Every structure is written in C-alpha cells, then in structure tokens.
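Subject: Structure handover

Hello,

Here is the structure we spoke about. My notes on it follow below.

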Amino acid sequence: MADQGTDHSVLLVKGLKKYFPVRRGFLQKVIGWIKAVDGVDLEIGQGKTLGLVGESGCGKTTVGQLILRLIEADAGQIVFRDQDITAFPPEEMKPLRKEMQIIFQDPFGSLNPRMTVGQSIEEGLRTLDEGGRPWRRKRIRELLEMVGMPPNVDDRYPHEFSGGQRQRIGIARALSVEPSLIICDEPVSALDVSIQAQIINLLEDLQAKLGLSYLFIAHDLNVVEYISDAVAVMYLGQLMAYGPAELIYDQPLHPYTRALLSAVPVPEPGRSREWEPLGGDVPSPFNPPPGCKFQGRCPLVEDRCRREEIQFYPVEDGRRVRCWKVLGK
Amino acid sequence: MIVMNQNSKPSPAEGGVLEAPKRTLFQENWNLFRKNRLAMAGLVVFVIFFIIAVGGFFLTYGRSPVFDPALVRLQEKLRPPLSKPNLETLKPEELPRLGIYLFGTDDLGRDVFSRMLQGAWVSLTVGFVAVGIAVIIGIILGGIAGYYGSGQISLGHLLASVLVGGGIIGILLGETAVGVLLVLLGAAVAAVLIRMGNSKGKGPIPMGFSVLFFNLFSVDVLITGLIDIMLCFPVFFLILTVVALIPSKIHYIMIVIGLTSWMGSARFIRAEFLSLRELDFVTAAKALGVSDWRIIFRHMVPNAMSPVLVSATIGIASAILIEAGLSFLGFGDASYATWGNILSSGKDFLFDAPWLTFVPGFAVLTVVLAFNLFGEGLRDVLNPKLKERH
Ligand SMILES: Nc1ncnc2c1ncn2[C@@H]1O[C@H](COP(=O)(O)OP(=O)(O)OP(=O)(O)O)[C@@H](O)[C@H]1O
Ligand code: SF4
Ligand SMILES: [Mg+2]
C-alpha cells in the first residue's frame, strides 16, 4: 500500500481507530475497551474493488461505517478524493453522502417494511433536489431495471420479495444518488450460493457500466476472490495482510491468510493447501493481550509475538504482512 | 466454490416476476384480524359506538336540538323506560321526539335517551382527545429518549432551564421584573453554551466556563426517570387532586387525563426506537443523507406505532372509565350529560329507578369491553412472532 494517495485513488484510510467503551454497574463506569478497529490503512483505486475479509466480529462493519461517517472515528484519517473528511461537520458531509453508499448483509432488515419499493428508492432521489415527482417515478423504474428487477414492482412492499430480490432493491436504492464508492457489507452472505453468484455478477456489471469503486466486505476469502482487485485480511481490528488479489491467493504469507485459505472447500489445481486449518474461536476484542493479535491461534507463535507489537511490514509487489516470522525479520 | 459463469439476471431460483396479486401489509393484517371473532365483535361495537356518538353530537347540539338532554319536566320525573309522556301536562315542544321515553326519565324529568346520546359524544371525545394528547407526548419524549438518548445534559443546560423556568413562573406570579431578569440570565447561559459548543475542539474553553460543560446525566436517564416518577403516582388520585384544583370543564379533564397517561406510549416508543435505530434501513437512510426529522417521522415512528396503537386503544377505554369515575364522584363537568353523571344521579334512586343505573352502566361496560377486545386483537395481529415471516 502506498503511503501517499495515488492520483486515481478514490478512498484513502490511514490509522483508523474505533474503541467502544464497555460499561458496567449502576454508575455505568467504563471498565475497558473493545478495540473494534485498531489502526487500519486502506486504499481503493478508481473503479477498483478492495476485498475486506475477516471472521465475524473482527470489525469489518465498523470500518465501513467509519468510512461513511455514520460513526465517529477515535483516531485516523479518511480521505475521499483528496478531501480529508474525517472531521467534516454534518452540513459539509451532506453533499458527500451522495458519493458514498452502502449495501447490507441482511436483506430483511435493509428495507423499511412500511414503505413500497418505490418509496424506499425515492428516499435517495429526494435528497438530489432534482426534478419533481414524475422525474422521480421515471428514475425509480430505470433503477429497478438497472438491477434486473421488473420496473412495475415499484408499488409492492418488501415482504413480497425473496432475499435476492430485496438485495437488488437495496442496490437500486444505493444507486439512486449516483455514488462513486459503494461499501458492500457482506451483500451475499445471507443468500443461497446460486443467488450469491448472480448478485456478484450484477455488482460487477454495474461497476463496469458506471465506473463504481467497491469496498467489498466478506467473511471468507472465497467470496471476494472473483470480484476483488486487492484484498485486505482483517483480524481483531487490525489488518494482517494486504495485497493484490492474485498474490494473496497464490502465495499467501501470513499464517492467518494461509489458515483461511486451507478452509476453502475445493482447492484449485496448482494451488497448494498444505497449511494447517484454523482452530479455536475468534477471541474477544475486549482488552486483547499485547503483541500479535493472532498469537492465540497461530501455529508458528513464539515468545517474541507476545512481547512486542508487530509491524505491518511492506513486502515487494505492494504487499504488506503483519508477521515478523514468515518474513524472517 | 461459487460458480461465476451465470449472468446477473434473476433466475427462477431467485423468484421470478411476482405473479401473486399484490397485497399490502394492511390487507394481510386485516385477514388475520378477521379470524379473531371477539376482536371483530369489539370492532363492530366500536364502529356502532362511533356512529352513535357522532350522531349524538349533532342531535343534541345547539339551542333547540332534536333531542334536548337538558330539558327539565318536573311533572314527568322518574318515568320508566318505554313509558308514554303525559300529553295533558306537557307543552308540545316538551314532548320527547320519539313519542316515548325510550330509556325513561331522571329525577328532574330529563329524557335519559337524549342524555345518553350526549354522554356518548362526551365519552368519545374524552377518550380520543386524552389518548391523542398522551400519544403525542409519548412519541415526543419516547422518541427523544430513543434517538438522542446518549446525548448528555450538562450543568449549563440545567442552569439555563432552571433560570428560564423560574423566570416564567415568576412572571406568572406577578413578579415581572425578577422574572424577566431570570429569563434573560437563562438566555445568556444558553447563548454561552451554544457559542462555545460550536467552537468546541477548535480551542480550549476559557477557565470558569468549563464548569458549564460538566455532564450530569444523559437525556435517556432524564426521560426514563421522569417516566418512573410519573408511574409512582396512582393515576386516578393524581387526576382527582388536579381536577379538584382547577375549574371542572370537560376540556381541562381531557387534558389532565392526557397529561397523566403518556408514560406507556413513551416507554413503547423508546424501546422500539432503541431497536429500530440499529436496523439497516435506518442506517441506509442516514447514509443517503435523509434528515433526522424525516428519519424519525417517516422511517421510525410508523414502525414503532404497533404497540402504541394497541395501548392507545385500551387507553381510550380507561380514559372513558376515568371520566365516568370523575363524573360519578361529582368532579365532572355538570354542563354536559355524561354517562358518569347519569350513573351518579341514578345511585340515589337505585330501587325506584334502576334504569338510571343500568342504562349508563351497561353502555360503559360494553364500550370499555369492546375497546379492550379490539385492542387485544390488534396486539395479536401486530405481534410479529405470531405471524409467519417470509
Ligand atoms: N456500537 C457498538 N458498541 C459496542 N461494541 C460494538 C458496537 N459495534 C460493534 N461493536 C463490537 O465491535 C466488534 C466489531 O464489530 P463489527 O460489527 O464491526 O464486526 P464484523 O466484522 O462486521 O462482524 P460480522 O461478520 O459479525 O458482521 C464486535 O466485537 C462488536 O461486538
Ligand atoms: S507474529 Fe507470531 S503470532 Fe503473529 S502471525 Fe506471526 S508468527 Fe503468528
Ligand atoms: Mg458486519
């Protein structure tokens, strides 16, 4: 990852941190912190897709919401198209809301059950101050067609649709404000495998047609392989590995990446799978021990891993790895 | 491994074009509701009561109404139901319109049927206005607690509101000069808070002022505390006390009932808001740049209304009961006939004129029961756990 944003980068995130306080007792005293995001750096190129992969609870959703400024970061910088938006007040954020959108994992919770599909999409169009009702109605139909839905379903309620269809409607709503960056927060994790492929293909088509950039969040490497240009692997609030997609898949360096890849069910020919699969559960992000966050589950763990904070070492080919051992440092 | 060679059009597996005729949530709920016989009976009684009450308003309103609830015919007092008027002692305009006293007459010879009609209208308005006030207060306070609950109230906020509040009370009590001074002081504190709040983070707050920003408790603690305090009082006695202190006008009674029964709605709205604001469609609205105001009223309130609707329906019944109770105890508005004061006058003639007790008693019972059954039925229909979700 480059330290300076390149000309064509849409989003640059540096040292992003978010700690949630844990409160107990009558007086709600803070007894500790959940380090949900603990120093994350990301860069997304124009028209490119960055895959963000990690197990449940590692802080992926929090990263997405921090980027959208839906929650406030404790530290770090969010640079969108050369503008540092980290401390933008709400009024200045408003025009940028149209530039960055989000689609969600849960196709049931993501649509307002008391609004028709058309009304849900119209919520975005209303913020545009463009055209009147007839224009919005026409645009709703165009957007529905764009996501592969029949345009005449605009007066139906969400409960009449399947999960995949609702996901398409959610995409149409995100597209309504013509964004350039979309945070896809596990958009296919709740869907059947056959439908997952359709939604991913739809996202690819839209990217080609509209020049969108994606931050594509998933909890297994397998899902993002096809769509990502670069992949970041996250563990307990930190990035463990980062690099171009082919390298992450073909020559994984970090023990965590290797463990994740060994869990992929059907190995492709020519790709070795001799690493140990992952044992144990994700530890709690509440007051983690010092040193490498992966120490509790790492097959290669040594004393040094428990003593010192591990750097995010740059490797050739634009890769980065947070493990001293595999790099022989 | 995901097969990636399909195109992005929906396959039959995803569910093709919707063929089923379109049904709104309302239609689905209605079909469920219809299956509940008791609730349907409640709804039917409610509709009949509504029509009678609205009709009663027009028929008993004005200088010379069709049915005059206040017309005294002393020579015809305590006539039993269905009895014929004595044509010789009555002037033609004093004759009951139906030709008979359908529900009899009371101790002043007033036609109980006319009085019941007017009482129906009074009960209906008391129920709806009181519950309307309660629900509006509940939505506002519950909504603030649920949406902005984590906001902190600082020493400065408290100081400003105590000064302004004290000043207004001072003005009302006639101490105009002191009152105005206090209000101005409060406004000054508020101005300091707003100006420094805006520049917070840009520079240090000057010494001495920082004490104003000392956070005391959260908005949520304030509002839930207020709810708990209000719940400590037995509502009926609270209302009795207040009604004893103010003129007994029907409007005041409605307002007092409303002001003392908003706690249930506030709790429901707060709880719903706490869970709704975590839902993705609310996050989506925020990400689209929809205003807070629109998110609250267009996205959250409609989804939070089901439990409020249920408690409001049952609340109407208890407001009607409270008003009847107040009238019965003599704290009601004597310028209207209400079911409560018909009952009240009937208690002195329980054996001579039992209809004075039974007619309004039966009416109160039926209407209160109907509202409760209707409310329970609504609760069942609106409870997502009882409905299969697909
Ligand atoms: N508002 C919050 N308050 C307190 N803790 C929170 C909050 N939001 C998230 N967390 C905690 O932060 C951690 C990261 O959560 P996050 O939702 O970002 O994970 P995730 O990677 O998206 O997981 P999943 O795959 O389950 O969606 C979790 O331990 C979670 O419990
Ligand atoms: S730093 Fe140590 S514990 Fe962490 S991944 Fe490398 S070897 Fe494993
Ligand atoms: Mg998540």
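Where does ligand 2 sit? Please keep in mind that this is a predicted model. Ligand 2 is placed in the largest cavity. Its shell is made up of nine nonpolar, two polar and one charged residues. The cysteines around ligand 2 include A:Cys292, A:Cys298, A:Cys305 and A:Cys323. Among the other residues around the ligand are A:His254, A:Gln295, A:Trp324 and A:Lys325, along with A:Pro255, A:Phe294, A:Leu300 and A:Ile310.

Chain B carries a nonpolar surface patch of about 500 Å², formed by B:Leu155, B:Leu158, B:Val162, B:Val211, B:Phe214 and B:Leu216. The most comes from helix α4 (residues 155-172) of chain B, which gives three residues to the patch. B:Leu155 belongs to that helix.

Over all chains there are 27 salt bridges. One of them joins the side chains of A:Lys60 and A:Glu186, at 3.7 Å from N to O. This pair connects distant parts of the chain, 126 residues apart: A:Lys60 is in helix α1 (residues 60-67) of chain A, and A:Glu186 is in the loop between β7 (181-185) and α6 (193-210) of chain A.

Two backbone points to check by eye. Most residues other than glycine have a negative phi. A:Glu178, in the loop between α5 (163-175) and β7 of chain A, has a positive phi of about 55 degrees. A:Asp317 also has a positive phi, of about 65 degrees, and lies in the loop between β11 (313-315) and β12 (319-321) of chain A.

Regards

Technical notes: Residues are numbered from 1 along each chain as its sequence is written. Chains are lettered from A and ligands numbered from 1 in the order in which they are written. This is a predicted model: local features need pLDDT of at least 70, side-chain atom pairs count only at pLDDT 80 or more; totals for chains, interfaces and linings use all residues. Side-chain values use heavy atoms; hydrogens and water are left out. A residue is near a molecule or strand if one of its heavy atoms lies within 4 Å of it. On a 1 Å grid over the protein atoms alone, a cavity is a set of points where a 1.4 Å probe fits but cannot get out, and a pocket is an open set with protein on both sides within 12 Å along at least five of seven lines; lining residues have an atom within 4 Å of a point. A molecule sits in a cavity or pocket if more than half of its atoms lie within 2 Å of its grid points. Ala, Val, Leu, Ile, Met, Phe, Trp, Tyr, Cys and Pro count as nonpolar, Asp, Glu, Lys and Arg as charged, and the others, Gly among them, as polar. Patches are made of residues with over 30% relative accessible area and no salt bridge: like charges are joined within 9 Å, nonpolar side chains (Val, Leu, Ile, Met, Phe, Trp, Tyr) within 5 Å. Accessible areas come from the Shrake-Rupley method with a 1.4 Å probe; for residues, only the protein chains shown count as cover. A salt bridge is a side-chain nitrogen of Lys or Arg within 4 Å of a carboxyl oxygen of Asp or Glu. Helices (H or I, at least four residues) and strands (E, at least two) are DSSP runs, numbered from the N terminus.
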